[in-house]
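Colleague: I'd like to learn how to read a few side-chain features off a model. Can you walk me through some?

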Amino acid sequence: MEEHNTGNTSPAASVASADIAAEFAALTVEEQERQRAEWSQELARVEEEINTLRTVLASKTRHASELKRKLGITVWKEITDDMNHGIKSVKESSVFQRTESVLKTTSEKTASVFGSITSGISSKFSQMKNSDSMRSIEEKVGSAYENVKTKVSTSRSGSVSSFPDALNENNSPTGGLNSP
């Protein structure tokens, strides 16, 4: 008798195989021959049943494919339906529900923290804007701007009316950049 050891046998299967081998060895030669013949016949029947089942399965698979084609069910639709079913199963699982709940709570707390931070910053800017030192800076910048604006407009109104005129005046031999 030839044994095939796949390495995947459990300890219980190894004990059972050892028991079968011991029982087989205890038989007489004629009984061993009869047992082998019986096992061979049973193996032949099982293999024939397997082949019959494969043939029936292939026939049923072809018939199912034909019906699906007639109903307009495509492979893409089947994949989509399977994916939707899988997603629905995941969403309904307790692990997903707990994770979603934790994420929602975390995002709410994070939004609350950021909201308080931004409101704090806004109130500080508002306080700074309304402070005396900020008003003083605004007044000084505003008056400096007005002074520069006034000087530019008075100097322009007296001498040059446009940019090309200013260029011509500066490039003339009597004044501007080219004079010695």
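This is a predicted model: local features need pLDDT of at least 70, side-chain atom pairs count only at pLDDT 80 or more; totals for chains, interfaces and linings use all residues.

Colleague: How many salt bridges does the count come to?

Modeller: Three. Another joins Glu-66 to Arg-69, with the closest N and O atoms 2.3 Å apart. Both of these residues sit in helix H2, three residues apart, which is about one turn of the helix. Glu-66 is partly exposed at 33%, while Arg-69 is exposed at 54%. Then there is Lys-77 with Asp-81, whose closest N and O atoms are 3.3 Å apart. Lys-77 and Asp-81 are four residues apart in helix H3, so about one helical turn separates them. Lys-77 is partly exposed at 40%, and so is Asp-81 at 38%.

Colleague: What about aromatic rings: which residues form an aromatic pair, and is it stacked or edge-to-face?

Modeller: For rings, look at the distance between centres and the angle between planes; under 30 degrees counts as stacked. A search of the whole structure finds one aromatic pair. Phe-24 and Trp-39 form it, 5.6 Å centre to centre with 25 degrees between the planes, and it is stacked. Phe-24 is in helix H1 (residues 11–26) and Trp-39 in helix H2 (residues 29–71), so the pair ties together parts that are 15 residues apart in sequence. Phe-24 is buried at 9%, whereas Trp-39 is partly exposed at 35%.

Colleague: What else does Phe-24 touch?

Modeller: Gln-32, for one: leaving aside neighbours within four places in sequence, Gln-32 is in contact with Phe-24, Ala-25 and Leu-27. Gln-32 lies in helix H2 and is buried at 17%.

Colleague: Last one: how do I describe helix packing?

Modeller: Two packed helices are described by the angle and the distance between their axes. The axes of H3 (residues 75–92) and H4 (residues 94–129) come within 5 Å and cross at roughly 65 degrees. Val-90, Lys-91 and Glu-92 of H3 make the contact with Ser-94, Phe-96 and Gln-97 of H4. By class, that contact has two nonpolar, two polar and two charged residues.

Methods. Residues are numbered from 1 along each chain as its sequence is written. Side-chain values use heavy atoms; hydrogens and water are left out. Rings of Phe, Tyr and Trp (its six-membered ring) pair if their centres lie within 6.5 Å; planes under 30 degrees apart count as stacked, over 60 as edge-to-face and the rest as tilted. Helices (H or I, at least four residues) and strands (E, at least two) are DSSP runs, numbered from the N terminus. Buried means under 20% relative accessible area, exposed over 50%, partly exposed in between (1.4 Å probe, protein chains only). Contact means heavy atoms within 4.5 Å. Axes are lines fitted to C-alpha atoms, for helices over the stretch in contact, and angles run from 0 to 180 degrees between N-to-C directions. Ala, Val, Leu, Ile, Met, Phe, Trp, Tyr, Cys and Pro count as nonpolar, Asp, Glu, Lys and Arg as charged, and the others, Gly among them, as polar. A salt bridge is a side-chain nitrogen of Lys or Arg within 4 Å of a carboxyl oxygen of Asp or Glu.
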